[in-house]
Amino acid sequence: MKSKLKEKRIIGIIMVSFVILVLICLLSNIFIIKKLERYEEYSPEQVNMEIESEDGYKYCILERDTGESIVSILKYTGSEIEIEVPENIDGYKVAFIESACFAYNENIEKVIIPETVEYMGPSVFGGCKKLNYVRMPESIEEAGQGLFLDTSDELVVYCKENSYMHTYVQEQNYSFELY
C-alpha cells in the first residue's frame, strides 16, 4: 500500500514538474514570438546582416514592402553616460529598437529617443540601474513589456500627452513628466 502511494506521489511530482517546465518554456518564448511576428512582413532577402557603427550601435537594415529601408537597432555596445539615439544610421531612418538593446548597461543615465522610432522591444532598458532620464517620442506606436524593468527608482520618463508612451508609463506606474 505504501509503495503504491509513494509511486503515485512520484508520478504527481513528475507531472507537476513537466507542466511547470512547459509553462516556463512558453513564457520565455513570448518575447521571441513577438519579435518574429513583427518580422513576418520582411522576407529573408529584405533583412541585411548585422552591422556595427562606430558609435556603438549593432543594427540591421530592413526593407519594407514599400521599398523604404529602415534601421533596427539590435544592441548598444558603447559606454556613454548620455545617449541621443540618432535619427539615421548610414542614411537610413532608425525605426526599431530591439529587445534588451541597452539592457544591463552600467553607464547609461540619460537617453533621448528620436521621433523616427516606431517600435521598442521588451526590456530595452532592463537592468540599467543608473538610468534616471528617458525622453520618448510621440512616434512610438508599440513597446514591449518590461521596457524599464529593474531600472533606477529615480527614473523619470518624459513623453507627450496622450501619446502611446504616455499611456504606457501610466499603466506601468512609472514616474513621468509631459513635455
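Me: In which loop does Asn162 lie, and how are the elements on either side of such a loop defined?

Reply: Helices (H or I, at least four residues) and strands (E, at least two) are DSSP runs, numbered from the N terminus, and Asn162 lies in the loop between β11 and α2. The model is predicted, and local features need pLDDT of at least 70, side-chain atom pairs count only at pLDDT 80 or more, while totals for chains, interfaces and linings use all residues. Residues are numbered from 1 along each chain as its sequence is written, and side-chain values use heavy atoms, with hydrogens and water left out.

Me: How many helices and strands does the protein chain contain?

Reply: The protein chain comes to 2 helices and 12 strands, following the pattern α-β-β-β-β-β-β-β-β-β-β-β-α-β along the sequence. Of its 179 residues, 41% are buried.

Me: How should I read strand pairing, and in which sense do β2 and β3 pair?

Reply: Two strands pair if DSSP finds at least two bridges between them; β2 and β3 do this in the antiparallel sense over 7 bridges. These two strands form a hairpin with 5 residues between them, and Gly67 in the turn has a positive phi of about 95°. On its other pairing, β3 joins strand β6 (residues 92-97) in the parallel sense over 4 bridges, with Ile97 in β6 as the bridge partner of Ile73. Of the 8 residues of β3, 6 are buried.

Me: Which strands form the open sheet, and in what order?

Reply: The order is β4-β7-β9-β11-β12, and these 5 strands pair in parallel. The edges are β4 (82-84) and β12 (176-178), each of which pairs on one side only.

Me: What does Val134 touch?

Reply: Contact means heavy atoms within 4.5 Å. Leaving aside residues up to four places away in sequence, Val134 touches Val111, Phe125, Phe148, Leu155, Val156, Val157 and Tyr158. Val134 is found in strand β9 (residues 133-135) and is buried, with a relative accessible area of 0%.

Me: How many aromatic pairs are there, and how is their geometry classed?

Reply: Rings of Phe, Tyr and Trp (its six-membered ring) pair if their centres lie within 6.5 Å, and planes under 30 degrees apart count as stacked, over 60 as edge-to-face and the rest as tilted. The count by this rule is 8 aromatic pairs. One of them, Tyr57 with Tyr76, is tilted, at 5.1 Å centre to centre and 55° between the planes. Tyr57 belongs to strand β2 (residues 57-63) and Tyr76 to strand β3 (residues 69-76), 19 residues apart, and the two stand opposite each other across the strands. Both Tyr57 and Tyr76 are buried, and together with Phe102, Phe125, Phe148 and Tyr174 they form one aromatic cluster.

Me: Which residues have the most contacts inside the largest nonpolar core?

Reply: In soluble globular proteins, nonpolar side chains tend to be buried together. A nonpolar core is a set of buried Ala, Val, Leu, Ile, Met, Phe, Trp, Tyr and Cys residues joined through side-chain atoms within 4.5 Å. The largest has 35 residues, and those with the most contacts inside it are Val85, Phe102, Met120, Phe125, Met136, Leu147 and Phe148. At least two of its residues come from each of β2, β3, β6, β11 and α2 (164-171). Apart from this core lies another, of 7 residues, among them Ile70, Leu74, Ala95 and Tyr119.

Notes: Buried < 20%, exposed > 50% of the residue type's maximum accessible area, 1.4 Å probe, protein only.
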